[in-house]
Amino acid sequence: MNFELFVLWNPSLEAFSIGPFAVRWYSLCWLIGLLLAYLMVRWLYIDQKIPQEKFEPLFVYCFIGILVGARLGHCLFYQPDYYLTSWHGFVEMLLPIHFTKDGSWQMVGYQGLASHGGTAGLILALLLYVKREKMPVWQVLDNIAIATGITACFIRLGNLMNSEIIGRATDVPWAFVFERVDLLPRHPGQLYEAIAYAIYFLLCVLLYKKMPQKVGTGFFFGFCLAFIFTFRFFIEYTKEVQEAFEASLPIDMGQILSLPFIAIGFFFMAKGWKGNTTS
């Protein structure tokens with residue numbers, strides 16, 4: 001096999017280190033994505049003349065909702081046989097540690113986060129936020145939806161740096177050889193998603209500038225779910241299954257979990273296009 005035709009991929013997991021403290025690319029990508037979303041939503045609040053004291057608690061709600069939802073989504077949907085069948089597994093689901101065979105434990109971070117769970121956790125956190133801050137729910141959901149693409153883009157770039165969520169074997173000229181996994185040229189599924197989410201973000205910014213009055217109707221919330229999860233459904237055909245049980249399913253778990261988000265997205269996108277504002 002002529003590897004000169006493909007991209008050989010084996011970057012360091014660590015972006016940089018300061019003494020014994022090391023920062024991984026995955027964590028750094030998460031932080032950059034959240035920071036850019038924070039700045040984007042802050043700008044939207046200013047542009048819409050929403051009091052800044054309403055904005056300050058928003059980041060905390062979003063961060064906790066995404067992290068908790070993404071972690072529980074991975075553990076409950078993809079590896080329930082591990083996390084729900086032992087005390088050690090249950091603790092590892094909640095804390096960023098791993099128990100070794102000799103009974104000791106080590107800090108490993110949260111190894112396993114699911115985007116579907118993160119989306120559900122974010123929506124729940126936002127509903128709690130609007131109730132406490134007495135904000136119009138659809139205005140908040142639409143604003144977050146506009147910024148979501150940039151965070152999703154950087155999360156998938158983090159997956160690329162980790163050589164995880166790899167694609168199926170292929171001979172396309174832009175295939176990646178994930179040397180940490182095997183020596184097969186594969187679809188860079190993470191890169192496909194990152195590009196799609198970047199395009200979605202740019203589209204949202206353009207649509208907002210063209211029709212800012214749609215914020216508060218649910219249109220951007222629906223567009224977010226419909227665009228991201230429709231693309232996610234089809235991109236799954238280029239990716240390897242994450243867990244063995246998925247091989248026996250007609251469509252994998254990522255596609256199954258995408259379907260309700262797609263249906264909800266198109267419903268609110270159509271409703272918002274008609275201009276039905278809901279407080």
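A pocket is an open set of points on a 1 Å grid over the protein atoms alone, with protein on both sides within 12 Å along at least five of seven lines. Its volume is the space filled by probe spheres set on the points, which are joined across faces, edges and corners.

**Ground rules.** I am working on a predicted model, where local features need pLDDT of at least 70, side-chain atom pairs count only at pLDDT 80 or more, and totals for chains, interfaces and linings use all residues. Residues are numbered from 1 along each chain as its sequence is written, and side-chain values use heavy atoms, without hydrogens and water.

**Pocket.** I looked up the second largest pocket. Its volume is about 170 Å³. I then listed its lining (residues with an atom within 4 Å of a point). Among the lining residues are Val60, Tyr61, Ile64, Leu124 and Leu128. Which helices each supply at least two residues of this lining? They are H3 (58-77) and H6 (115-133). A helix here is a DSSP run of H or I with at least four residues, numbered from the N terminus. H3 gives the largest share, six residues. By class I noted seven nonpolar, three polar and no charged residues. Gly counts as polar in this scheme, while Ala, Val, Leu, Ile and Tyr count as nonpolar.

**Cysteines.** I searched for disulfides (cysteine sulfur atoms within 2.5 Å). There are zero. Cys224 is in no disulfide, and its nearest cysteine sulfur, that of Cys204, is 6.7 Å away. Is Cys224 buried or exposed? Cys224 is buried, at 9% relative accessibility. The cut-offs are under 20% relative accessible area for buried, over 50% for exposed, and partly exposed in between, with a 1.4 Å probe and protein chains only. Cys75 is buried too, at 0%.

**Rings.** I counted aromatic pairs (ring centres of Phe, Tyr or the six-membered ring of Trp within 6.5 Å; planes under 30 degrees apart are stacked, over 60 edge-to-face, the rest tilted). The whole structure has 24. Tyr61 and Tyr129 are edge-to-face, because their planes stand at 65°, with centres 5.7 Å apart. This pair joins H3 to H6 across 68 residues.

Trp87 and Phe90 are stacked, at 6.1 Å and 25°. They sit three residues apart in helix H5 (residues 87-94), so about one helical turn separates them. Trp87 is exposed at 63%, and Phe90 is partly exposed at 34%.

Last, I traced a cluster of ring pairs that includes Tyr200, Phe219 and Trp273.

How values were computed:
1 Å grid on protein atoms, 1.4 Å probe; cavity = no way out; pocket = protein on both sides within 12 Å on 5 of 7 lines; lining within 4 Å.
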